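Work through these exercises with the model open. Try each task before you read its solution.

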Amino acid sequence: MSLLVVGLSHRSAPVSILERAALAPDSRGKLLQDVVSAEPAAESAVLSTCNRIELYADVDKFHAGVAELSTLLAQHSGVSLDELTPYLYVHYEDRAVHHLLSVACGLDSMVVGEGQILGQIKDALALAQDQHTAGRLLNDLFQQALRVGKRAHSETGIDKAGQSLVTFGLEQLAGAAGGHDAHCVLTDDAVPDATAPLGAPGVDAWARGKRALVIGAGSMSSLAAATLARAGVSELAVANRTVERAERLTEILTEPGSPGRANGLTARAVPMSEVPAELAAADIAISCTGATGLVLTGEAVAAAAEGRKDRELALLDLAMPRDIDGAAHRIAGVHLVDIESLADASADAPMASDVDQVRTIVSEEVAAFGAAQRAATITPTVVALRTMAADVVAAEIARLDGRLPDLDDKQRAEINQTVRRVVDKLLHAPTVRVKQLASEPGGAGYADALTKLFDLDPQTVAAVSRADTRADRHDTAREQRS
């Protein structure tokens, strides 16, 4: 079996296609089940964010796997296969591993250094585990991606230079306001720290004292609210379909020791029905919900902008598909930044020197992952060989007991230990060496050679492999709970 990735992202497809192809949360589990029900695939996981949709699978046939995964993506996204195909990319085996690790480090983000991707990868793995579609390969791969992403943060200066999509969007709005230059340093993935300074002087000065509205209470909306609180907005309304989640968010933003409390923030939760009134009073509005239709229509934005005189309305739409009608661009006194304009703004942004260091880390980790996977293929065969040897020793000791019944317990134990020690010494060097050889490129055939040389039962080897897979799943589930 081999790793295959089929997907599309902001690098391969226009935002209009990404918007239409976005997968609803409740459809992702069905997609995973359909993938593993298809003949070429044994495992599956889906990474779905605001700017990428990627399907990962362990397949036994490359061309059939590409065809099947492409067809399923089209079916579940609602975009026809003919229309979707020109924008799809395919990565296979080591290139597929390299791609996910690069994504985990933020090298493939729309804003290089956007800080949400590690959480999204963790969510993708959790979904695959819940659906029982992640086996040894995808569990190992996604766990490795999470570790590599964290390694990139700890071993490079990316955390200091990187920024989130929220920060980048606010910098675009602050720059457009004309009061300050939007200072954009685009590097690798940075995990936002709720207590850290915003890192964008223009945003701080522009947002301070303003009234803000955040629509949604999910992870991205929560980050947006925390960012606004750090920047010093005076009032913040959080609207969500489940008001209790909005209330919890406002409590966190204003609890003792929080940046919001330090900045004198007044925060309140409101139902979605009050969004028009809150929008009319707001200076800044950020929306990121899971809605399939528009949350703010052009008419609603126009009504909120009416009678403002010189007070502008700044809108940031981080949803995919979009929450805010693109027609808001044409309304006087309104400035809208959305995923599409963020992509345009980030296209020519400079990279930090840390990017090269992260790329080196990714290359090292891809090689290490490949070696570990190749070595893992030999392990069940080695275990089966040692099990067979132990059975032979046990049979010979039993036969010796029958021929020499007068041996006392001490003599019998000494003979038993001597025979086992001889067998262990004979097997040690070849089994260690075969693991080393199997971890090298082209080492996949050593398991078959070992099976044939020692006439091992293939069913026994397969049983060991299945037991290892069940143990891996148990260990991974335990790690997720801890």
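Predicted model: local features only at pLDDT ≥ 70, side-chain atom pairs only at ≥ 80, totals over all residues.

Residues are numbered from 1 along each chain as its sequence is written, and side-chain values use heavy atoms, without hydrogens and water.

**Exercise 1.** Find the strand order of the open sheet with antiparallel pairing, and name its edges.

Step 1. Helices (H or I, at least four residues) and strands (E, at least two) are DSSP runs, numbered from the N terminus. Two strands pair if DSSP finds at least two bridges between them.

Step 2. The 4 strands run in the order β2-β3-β1-β4.

Step 3. β2 (41-49) and β4 (89-92) each have a single partner strand, so one side of each lacks a neighbour in the sheet.

Step 4. Neighbouring strands are turned by 15 degrees on average, direction ignored. Axes are lines fitted to C-alpha atoms, for helices over the stretch in contact; angles run from 0 to 180 degrees between N-to-C directions.

**Exercise 2.** Trace the pairing of β1 with β3, then place the helices α2 and α7.

Step 1. Strands β1 (residues 2-9) and β3 (residues 52-59) run antiparallel, joined by 8 bridges. Val6 has Leu55 of β3 as its bridge partner.

Step 2. Helix α2 (residues 25-37) packs on this sheet and touches β2 and β3. Contact means heavy atoms within 4.5 Å. The direction of α2 makes about 155 degrees with that of β2.

Step 3. Helix α7 (residues 136-155) touches β1, β2 and β3. Its direction makes about 30 degrees with that of β2.

**Exercise 3.** Which residues touch the most other members of the largest nonpolar core?

Step 1. A nonpolar core is a set of buried Ala, Val, Leu, Ile, Met, Phe, Trp, Tyr and Cys residues joined through side-chain atoms within 4.5 Å. Buried means under 20% relative accessible area.

Step 2. The largest core has 98 residues; Tyr56, Ile121 and Phe142 touch the most other members.

Step 3. Contacts of Tyr56 include Leu4, Leu47, Leu100 and Phe142.

Step 4. Another core, of 22 residues, lies apart; Leu279 and Ile324 are among them.

**Exercise 4.** Describe the open sheet with parallel pairing.

Step 1. Its 6 strands follow the order β7-β6-β5-β8-β9-β10.

Step 2. β7 (266-270) and β10 (334-337) stand at the edges.

Step 3. β9 (residues 313-317) pairs with β10 over 4 bridges. Leu313 stands opposite Val334.

Step 4. Helix α12 (residues 243-253) packs on this sheet, touching β6 (235-239) and β7.

Key:
Buried < 20%, exposed > 50% of the residue type's maximum accessible area, 1.4 Å probe, protein only. Lists of a residue's contacts leave out its neighbours within four places in sequence.
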